[in-house]
Amino acid sequence: MASVYDKIDAKFSFNGDFIPGRDGDIGDTSSDQIQSLIQEIQSVVNSSLGDWLEHPSYGAGLDDFIGEANTKDTSEQIKIRIFDSLVANNVVKKEDLSVVTIPVGPNSIMAIVRVRAQSTPNNSLEQALIAVSMVFDYNEKGVLFLEEA
């Protein structure tokens, strides 16, 4: 059975900018608590080790792959790095997580992070699966997320 990942957190864009609430204050994920999981996946995948002073091991460190060839082996290493960083940072339980990588260009891959999660009255899940899709370019630092949290 899938786990419950509902949590209330400040609401921010995939670029890390806070999103204001209806009252003009900093918004939060209380109206759809599964958004906090999506935001945390995006933060871990887009962070390098050492970016967070309080949590130096928080992050996937995909910038380690900048300049690497877009091979099946490198794609597999990125898949493992994303999976391991999400599990090690207690974002997702390993039994609920799958990561798929697909080459989409000579210098880029798409990664799709899928999480089995329970639908609850506090989240918007209609199915027990969420997906966060992103593109990583071997020539540039950063990850392009294909949908916003």
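Analyst: Happy to! Keep in mind that this is a predicted model. The largest cavity holds about 60 Å³ of space. Its lining draws on several stretches of the chain, with Val-45, Asn-46, Ser-47 and Ser-48, then Leu-62 and Asp-63, and finally Phe-136, Lys-141, Gly-142 and Val-143. By class, that lining divides into 4 nonpolar, 4 polar and 2 charged residues.

Now to the open spaces. The largest pocket has a volume of about 410 Å³, and 20 residues line it. Nearest its centre lie Phe-12, Gln-39, Ser-43, Trp-52 and Tyr-58. The lining of this pocket has 12 polar residues, along with 5 nonpolar and 3 charged ones. Lys-11, Ile-19, Pro-20, Gly-21, Arg-22, Gly-27, Asp-28, Ser-30 and Ser-31 form its lining, which comprises 2 nonpolar, 4 polar and 3 charged residues.

On to the charged side chains, where Asp-6 deserves a stop. Asp-6 sits in the segment before helix 1 (35–46). Asp-6 is buried yet has no salt bridge, and the nearest side chain of opposite charge, that of Lys-7, is 11 Å away. What Asp-6 does have is polar contacts between side chains: one of 2.3 Å with Thr-120 and one of 2.8 Å with Asn-123.

Elsewhere, side chains of opposite charge can pair when their charged atoms come close. The model has 4 salt bridges, among them Asp-64 with Arg-81, whose closest N and O atoms are 2.9 Å apart. Asp-64 belongs to the loop between helix 1 and helix 2 (72–88) and Arg-81 to helix 2, so this pair ties together parts 17 residues apart in sequence. Asp-64 is partly exposed at 48% relative accessibility, and Arg-81 is partly exposed at 26%.

Another salt bridge joins the side chains of Glu-76 and Lys-79 at 3.4 Å, N to O. These two are 3 residues apart in helix 2, which means about one helical turn separates them. Glu-76 counts as partly exposed at 36%, as does Lys-79 at 26%.

Arg-116 and Asp-96 also meet in a salt bridge, at 3.4 Å, N to O. Because Arg-116 lies in strand 2 (residues 108–116) and Asp-96 in the loop between helix 2 and strand 1 (97–105), the pair ties together parts 20 residues apart in sequence. Here Arg-116 is partly exposed at 36%, whereas Asp-96 is buried, with a relative accessible area of 2%.

Technical notes:
Residues are numbered from 1 along each chain as its sequence is written. This is a predicted model: local features need pLDDT of at least 70, side-chain atom pairs count only at pLDDT 80 or more; totals for chains, interfaces and linings use all residues. Side-chain values use heavy atoms; hydrogens and water are left out. On a 1 Å grid over the protein atoms alone, a cavity is a set of points where a 1.4 Å probe fits but cannot get out, and a pocket is an open set with protein on both sides within 12 Å along at least five of seven lines; lining residues have an atom within 4 Å of a point. Grid points are joined across faces, edges and corners, and a volume is the space filled by probe spheres set on the points. Ala, Val, Leu, Ile, Met, Phe, Trp, Tyr, Cys and Pro count as nonpolar, Asp, Glu, Lys and Arg as charged, and the others, Gly among them, as polar. Helices (H or I, at least four residues) and strands (E, at least two) are DSSP runs, numbered from the N terminus. Buried means under 20% relative accessible area, exposed over 50%, partly exposed in between (1.4 Å probe, protein chains only). Lys and Arg count as positive and Asp and Glu as negative; His and the chain ends are not counted. A polar contact is a pair of N or O atoms within 3.5 Å; within protein, one must be able to donate a hydrogen and the other to accept it, and residues adjacent in sequence count only if both atoms are side-chain atoms.
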